[in-house]
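The model comes first, then the pairs.

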Amino acid sequence: MSKLTMDKLVALCKNRGIIFPGSEIYGGFANTWDFGPVGVELKNNVKKAWWKRFVQEDNSCYGVDAAILMNPRVWEASGHIQSFGDPKMDCKNCKTRHRADTIIENFSKGTVSAEGMTNEEMEKYIAEHDIKCPNCGKRDWTSIRKFNPMFITSRGTLEEDADKVYLRPETCQGEYVNFLNVQRTMRAKIPFAIAQIGKSFRNEITPGNFLFRTIEFEQMELQMFCKEEDSMNIYNNYKEKALKFVKDLNVKEENLRFHDHDKLAHYAKAACDIQYNFPIGWQELNGIHHRSTWDLSRHQEYSGKNLQYTDPFTNEKYTPNVIEYSIGADRLTLLLLCEAYDEQQLEDGETRVVMHFHPAIAPYKVAVMPLIKKLHGEKAEEILTILNKEFMTQYDESGSIGKRYRRQDEIGTPYCVTIDDDTINNGTVTIRDRDTMQQITLKVEELVEYIKEKIKFI
Ligand code: GAP
């Protein structure tokens, strides 16, 4: 197989109705993408698989769907507003963001204060002293900008009345602010988790690489509230669970690795990413963070509400520790597109592009194809109405069967059902497997159960 590049993937996604450039007829809008009819199924299936594994199959995890627009005090508590106006620059090589003044002060071991320096003066100092990225060791900085990490909108009717509100840059704050609501209404006992899936918005300085880093994206986040003495065990369990989840979606182990962080935020006890070997190199897929009592303590301080938990057996009152597991739905979708992509040389000399998605996340589960439209079309439509009550089903009656198979391979449809004379005479169909290209014969009434069994995500 020739090497997969992002450009190749972008082209396939556009041509096959998976993902289109955002606002394309207006010349686009950088780093926004629209999911097409095939892509929306793919991403919905990714979200469903995550929800099934982490919410449905875990009775101690409760889902929420919190508002995107939150009381601005939330962003004071989270620390986002304090960082407005900090002089920031990004490392173009490893895409990490740094405060330019801190970089200078750390480099000079506190002998130089960057307070009062202009951006130009800081850039000059960094260049003259050849200061490298503390994360990757390269010197490839963006220019310094006073950066506002959040998109701002307003809620007033007249501009002069407008109160600033922010599009959330992460979904987890909706989980923290509902800690007590969920705990009380669900009579939840610690350890328990709150999860949600939703849109986040970030004014990224260096977005790019297709879905990898965009300014609007979906996150799947989960906060596990626990006692301090159990917290490291829970953290380690989530590392393993998060890795198993991706492997169970047919991602090869050799393309995944843990990256434990050496440098931690002052409140954090441990932090780790799972990285994937994307076409752009090893990059973060998701994060698992031990955040101690930081988030609930901050919200307690800023809201003035008591967010302590009372142990129902001992009456002990305490602020729970939080283990966070956070993964981008779009980034995981990108990973699954990269992992699924394959170019195969066939015996007849042709090449087929095939997406080997796990059947549970494949956008369409089955395609119905009448061998000859005139003779088998009516029967095929009958079978289509049986299948599309159960599954996302494609119907394709144009072109040779070979061409129709190729079209389905390119969007990863795991099964193709051909309707021919045998269907009309004996009530049987042939069903072709995307990966092996083998065909078997089934009775029409066996089809639904056969496919249901094959597309399970366990
Ligand atoms: N609440 C913690 C948090 O938001 P993060 O590392 O900033 O942590 C978590 O984001 C995950 O969200 C990342 O691992 C990535 O999968 C996804 N993500 C973050 N920024 C993104 C962006 N600009 N575009 C796409 N996905 C992004």
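## Arg97 and Asp90

Arg97 is partly exposed, at 30% relative accessibility. Asp90 is buried, with a relative accessible area of 1%. Here buried means under 20% relative accessible area, exposed over 50%, and partly exposed in between (1.4 Å probe, protein chains only). The two residues form a salt bridge, with the closest N and O atoms 2.8 Å apart. A salt bridge is a side-chain nitrogen of Lys or Arg within 4 Å of a carboxyl oxygen of Asp or Glu.

## Basis of the model

This is a predicted model: local features need pLDDT of at least 70, side-chain atom pairs count only at pLDDT 80 or more, and totals for chains, interfaces and linings use all residues. Residues are numbered from 1 along each chain as its sequence is written, and side-chain values use heavy atoms, leaving out hydrogens and water.

## Glu339 and Lys252

Glu339 and Lys252 meet through their side chains in a salt bridge (2.9 Å, N to O). The pair links distant parts of the chain, 87 residues apart. Glu339 sits in helix α10 (residues 329-340), and Lys252 in the loop between α8 (228-248) and β11 (256-260). Helices (H or I, at least four residues) and strands (E, at least two) are DSSP runs, numbered from the N terminus.

Glu339 counts as buried at 10% relative accessibility. Lys252 is partly exposed, at 40% relative accessible area.

## Whole structure

The search of the whole structure finds 38 salt bridges. One network of salt bridges links Lys52, Arg53, Glu57, Lys244 and Asp248.
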